[in-house]
Amino acid sequence: MNDEKKISSPDTTEQENTLTLRNLKVIFPNEAGVIRAVEGIDLDIKPGECVALVGESGCGKSMTSLAIMKLLSSPPAMIRVDELKLNGEDLTLLSEQKMQSIRGSQMSMIFQDAMTALNPVMTVGRQLDEIFMRHSNMKRKEAKEHSIKALAMVGVPSPELRYKDFPHQLSGGMRQRVLIAMAFACQPKLIIADEPTTALDVTIQAQVLELLSDMQRKHNTSLLLITHDLSIVANMADRIYVMYSGKIVETANAYELFKKPLHPYTEGLLGAIPRLSDDHHEFIQIPDSVPHPMFKPQGCYFHPRCRYATEECKCDMPPLREIAPGHCVRCFHPLSEKGEDK
Amino acid sequence: MQKSYVIKRILYTVLIFFVVLTLNFFIPRIGVEDPAERYYPPQGNMSDDAYEAVKELTRKQYGFDVSTAEQYIRYVSDLFHGDLDTSFKSGSPKVADLIFERIPWTLVLSLSTMLIGAILGISFGAFAAWRRGRWPDLILMNASTFTTALPSFFIALILVLYMGFEWEWFPAYTDPNMVAGFDWSWEAIGRVFYNAALPIFSMAIGSIVSYAQTTRNSVIAVSGEDFILTARAKGLSNSTVLYKHTLRNAVLPIVTSLGMSVSGLIGGAVVIEQIFNWNGMGTLFLEANNTNDYPLMMGIMLFLSTFALVANLVTDLCYSLLDPRVTVGDKR
């Protein structure tokens, strides 16, 4: 990739990034060919910032998050990255043992389905204790106090009783709260939330998102929010990366992205959000689905589904260009250049 | 573990016991007009009157002279006094005595097989799962195809042929002196295991492989679960993830298969015992079958099913200690 280098987040260079990721590639070789899951992703997350990584399922979001945590097992995955730094510390150089002491304490993860993400035969209290005992060198008794405090912090009612519960005895929302408590336990610098609300009811979704956003602000944690649903990041994210088929196709701050999307894919994603305020709003539909990662099309990966595609789009992959300050797009024909075509 | 769950399981077991008891009583009586005829088949050289008299005598002796309902009540009440009836064998030995005489010998084979199978199988299975796709795993996968296709009696015959006759490592059939001269001395115990070696080997091979297979699959399945990823994302060390999260969950199906083999412990292996001329429950059952010894058969069946019931109960209770989700159905 020769085109990724110039992308930077220009505004505050004096402040060190919480996470710096440069040119991450994840591929899975198999007998039939090569699955290119992630093709050169750059991410910058500043302290206290909430960054959303948005894309359809199968576009490589989860692979990106696991690769940042260095939790992808290799083989089968082949991972290459030019730079992976957490608070200036180069994670690529760290041994697995060093990584283990960083996971859970300096960066942690919230998983999608809290039912399967919690050990079914262990009380939630014990599962919380483990983190304190592992990273803060606490004895079980002291860890228990901290765990109960952590449960109270995420709004679990009567935390002393819930401490002794098994995951199946809690409701879905409570389980997700427990996962959030686990992620914030050691006050890490970075939390990666992989579809944290997808498995929940809509009403619970809102509560959990609010909690997540509260906790993030309270602890000044950086949050990488991974989702397929642009509507849930609207209120939370400072900056948004839109990912398509293993590549970043657009990045901008949240306000700008919602107001003036430049990539036809982003336009489609936004068009798929129903709005009550707008009577004449038409759904913009993106036809078909994400290409199979083994059989990606020539040229721009999005061109078969793009209503603005030209000959050029079918031959070459467009570079990620900075159109406005902090607003980059990977498209030969960004929407704004076409004028008001809606 | 909730109390209500335990009580419910126990009551359920007692209920099943009575069903088994009743079936066990009635099934041998189905289709037979006169049980005495089963015991004492018609003889050509006997006059009808004389045969009738003999049958009458037999009926009295074995309590067939009253109605079936009365017999059932008597059977059940005898049972609760620890009386399993009298065998048709000469000398009219008590069924219970016959059974308890054979159980230790059967346990020598079955317990050893189970222990060897479980210990070696589980360790090897965990090892194979850990080295998934490498040589220990490949050996296991191929061995399991092999042993499921080979019945244990076939393995036994091959072992007898080579280790018994060809190389004379172990006795090819049981020394009758082993039972008669048993006196709890170390020498006698040693002789028992020397004689038991081949039957144990021939059954243990399949058992090891099947435990190993269960363990391997279970460990691999659990390793792919989301909560293992969570545990790793918490920064836990590999050994903590393996012991506290993976194996703790992977042990559940293994407990089930252990429980199943416990319930089969005293059944005896009919074929293997025959091959090695081993005086266990399997042989006793075969004898009872061949001599139409119905009280003995009924006694054995009842004893085996009761043992299996208790073993299942214990397994279920252990399982609910290991897996808190089991009791959830009772809560709602």
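In chain A, 11 residues of domain 1 are in contact with nine residues of domain 2, where two residues are in contact if their C-beta atoms, placed from the backbone, lie within 7 Å. This is a predicted model, in which local features need pLDDT of at least 70 and side-chain atom pairs count only at pLDDT 80 or more, while totals for chains, interfaces and linings use all residues. Residues are numbered from 1 along each chain as its sequence is written, and chains are lettered from A and ligands numbered from 1 in the order in which they are written.

The bounds of the two domains, which come from an automatic or database domain assignment, are 19-94 together with 190-338 for domain 1 of chain A, and 115-185 for domain 2 of chain A. Their C-alpha centres lie 31 Å apart. On the side of domain 1 that touches domain 2, helix H8 (residues 202-219) of chain A gives the most, with seven residues; helices (H or I, at least four residues) and strands (E, at least two) are DSSP runs, numbered from the N terminus. That side of domain 1 of chain A divides into nine nonpolar, two polar and no charged residues, with Ala, Val, Leu, Ile, Met, Phe, Trp, Tyr, Cys and Pro counted as nonpolar, Asp, Glu, Lys and Arg as charged, and the others, Gly among them, as polar.

Chain A as a whole has 12 helices and 13 strands. Eight of its strands form an open sheet with mixed pairing, in the order S7-S8-S9-S3-S10-S11-S13-S12, and two strands pair if DSSP finds at least two bridges between them. Strands S7 and S12 (321-324) of chain A stand at the edges with a single partner strand each, so that one side of each is left without a neighbour in the sheet. From one strand to the next, the twist averages 20°; axes here are lines fitted to C-alpha atoms, for helices over the stretch in contact, and angles run from 0 to 180 degrees between N-to-C directions. Within this sheet, strand S3 (residues 50-54) and strand S9 (residues 222-227) of chain A run parallel and are joined by five bridges, and A:Cys50 has A:Leu223 in S9(A) as its bridge partner. Helix H11 (residues 264-271) of chain A packs on the sheet, where it touches S3, strand S10 (239-244) and strand S11 (247-253), and its direction makes about 105° with that of S10(A).

S1(A) and strand S2 (residues 33-45) of chain A are antiparallel and share 10 bridges, forming a hairpin with two residues between the strands. Strand S1 (residues 19-30) of chain A also runs antiparallel to strand S5 (residues 83-86) of chain A, with four bridges, among them the one that pairs A:Thr20 with A:Lys85. Three further bridges link S1(A), again in the antiparallel sense, to strand S4 (residues 78-80) of chain A. The largest core holds 98 residues, of which A:Val54, A:Ala181, A:Ile192, A:Leu225 and A:Tyr241 touch the most other members. Helix H7 (residues 172-184) of chain A supplies the largest share, eight residues. Domain 1 and domain 2 of chain A both give residues to this core, so the core lies between them.

Turning to the two chains together, their contact takes 25 residues from chain A and 20 residues from chain B. On the side of chain A that touches chain B, helix H4 (124-135) is one of the elements that give two or more residues, and H4(A) gives the most, with four. Chain B has 15 helices and zero strands, and buried residues make up 31% of its 332 residues.

Key
Core = buried A, V, L, I, M, F, W, Y, C linked by C-beta atoms within 7 Å. Buried ≥ 20, exposed ≤ 12 C-beta atoms within 10 Å, placed from the backbone.
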